[in-house]
Amino acid sequence: MDFTPIQEQAAARELAARIFGDLSTHERLAAAGTGSDAELWKALCEAGLVAAVEDIGLLGLVLLLEEQGRTTAQVPFAASCVYGLSAVSAHGSAEQRERLLPGIGDGTVVVSGALRGAAVREEGPGELSGTVAVVPWLRDATHVLVADDARRLWLVRTGEAECEPVELTAPWSAGRLTLDGTPAERLGDRAGNEEAYESRAYDDVLATARTAFAGLQAGVCAGSLARAVEHTNTREQFGRPLAAKQGVQLRAADAYMDTEAIRVTAYEAAWRRDEGLEYASHALTAAWWASEAGQRIVHTGQHLHGGMGADLDHPVHRHFLWGRQLDAYLGCGSELLQELGELIVNGEGEGEGKGAVEA
């Protein structure tokens, strides 16, 4: 396997790093409160970074999300790329791809997702009922990709559903989605073994989401650690930098190794999907590392700032909030480990989440 970015992926990552670095500053984030930064989202879309994900693959998306995580940029980039562009591109019908992908690429269509924990059912033909307690970036979304109790995927227009704002640990513009006979559009248009196709589509989107959000966590953790390293190298105690203390070095070294573990497992899962290989177990592995190690890293980043780390307005605290939110979103580490164990024991890894199903 080779995780070296191709030229297009490297160029996209460099452009994303520049845009996030210029516009996702501490001052702008503080001014945005818990909402998204519309100007930053517009800049990303105009630069073609959302549309580029269709060409640079999941590994390319993970590289871009790392840059978002470093600055904790408040935009629906991960959600719209995973539940919108990637899902529609891989599993939508030809008509859906033609109709939706241009809008997702230019940012006029924003898609969020509600897969796991969605108590949703089809009550009538093309009508869904049920609730989803928390949908990240729902307040920014024009559409939501919803999974029903049979693991079928549907696109719901937020303008036709009831959406209530919900505040999370991190400022993700989240909301509560309520469906009551709400019109919905099935993702894809398949003949033949429809049930098997729907299951593969659900598994692929879920594994893709786990991989992408693990990449986002890698960036959040890298940003937290970078702030801690800068602080401990400049902050002195008894005439010596804090970084000269062995205890500080050991904590930082452990956090660095954890961050690398999140990054490399996310890279492997993404690379395998792009290559059309089985990757469901690898996506679960990446999610486990992002959940378990992620919360350790952001705790370390805040702890190494000492008293300053307790300041809720300090930039490192934002990484702490994002890290804990991603830990919760990806799922409890023990639950992920149990699911991974069952996948391995049952020998289901070969067929689950295998590449993108051709539309």
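1. Start with the lining of the largest pocket: 16 of its residues are nonpolar, four are polar and four are charged. Here Ala, Val, Leu, Ile, Met, Phe, Trp, Tyr, Cys and Pro count as nonpolar, Asp, Glu, Lys and Arg as charged, and the others, Gly among them, as polar. A pocket is found on a 1 Å grid over the protein atoms alone, as an open set of points with protein on both sides within 12 Å along at least five of seven lines. Lining residues have an atom within 4 Å of a point.

2. A word on the source. This is a predicted model, in which local features need pLDDT of at least 70 and side-chain atom pairs count only at pLDDT 80 or more, while totals for chains, interfaces and linings use all residues. Residues are numbered from 1 along each chain as its sequence is written, and side-chain values use heavy atoms, with hydrogens and water left out.

3. Back to the largest pocket. Its space comes to about 520 Å³. A volume is the space filled by probe spheres set on the grid points, which are joined across faces, edges and corners. The lining has 24 residues, and the closest to the pocket centre are Arg 116, Gly 117, Ala 328, Tyr 329 and Leu 330. Strands E1 (111-114) and E3 (127-135) each give two or more residues to this lining, and so do helices H7 (194-234), H10 (315-330) and H11 (333-345). Helices (H or I, at least four residues) and strands (E, at least two) are DSSP runs, numbered from the N terminus.

4. Look next at Leu 330, a residue of helix H10. Is Leu 330 buried or exposed? Leu 330 has a relative accessible area of 8%, so it is buried. Buried means under 20% relative accessible area, exposed over 50%, and partly exposed in between (1.4 Å probe, protein chains only). Leaving out residues up to four places away in sequence, Leu 330 touches Arg 210, Phe 213, Ala 214, Ala 287, Ala 290, Ser 291 and Leu 336. Contact means heavy atoms within 4.5 Å. Asp 22 is 308 residues from Leu 330 along the chain, and their C-alpha atoms are 29 Å apart.

5. Now the cores. A nonpolar core is a set of buried Ala, Val, Leu, Ile, Met, Phe, Trp, Tyr and Cys residues joined through side-chain atoms within 4.5 Å. The largest has 83 residues, and those with the most contacts inside it include Leu 44, Leu 61 and Phe 213. Helix H7 supplies the largest share of this core, 14 residues. Another core, of 15 residues, lies apart from it; Ala 118, Val 132, Val 146 and Ala 184 are among them.

6. Take Leu 44 as a case. Beyond its neighbours within four places in sequence, Leu 44 is in contact with Ile 19, Phe 20, Leu 49, Val 50, Val 75 and Phe 77.

7. There is one cavity of 30 Å³ or more in the structure. A cavity is a set of grid points where a 1.4 Å probe fits but cannot get out. The largest cavity has a volume of about 30 Å³. Its lining residues are Leu 23, Ser 24, Arg 28, Leu 29, Ala 32, Asp 37, Leu 40 and Gln 74. Helix H2 (residues 26-32) gives the largest share, three residues. By class, four lining residues are nonpolar, two polar and two charged.

8. Thr 72 sits in the loop between helix H4 (49-71) and helix H5 (77-91). Its relative accessibility is 1%, so Thr 72 counts as buried. Apart from neighbours within four places in sequence, Thr 72 is in contact with Ser 24, Leu 29, Arg 318, His 319 and Trp 322.

9. Check the helix lengths. The expected span is 1.5 Å times one less than the number of residues. H5 has 15 residues and should span 21 Å; its end C-alpha atoms are 20 Å apart, which agrees. H5 is also mostly covered, with 14 of its 15 residues buried. Helix H8 (residues 246-274) has 29 residues and reaches 42 Å from its first C-alpha to its last, close to the 42 Å expected. Gly 276, which follows H8, has a positive phi near 75°.

10. Two residues other than glycine also deserve a look. Trp 137 has a positive phi of about 60°. Trp 137 lies in the loop between E3 and strand E4 (143-147), and at 1% relative accessibility it counts as buried. Ser 173 has a positive phi near 45°. Ser 173 is in the loop between strand E6 (162-165) and strand E7 (175-183), and it is buried, with a relative accessible area of 2%.
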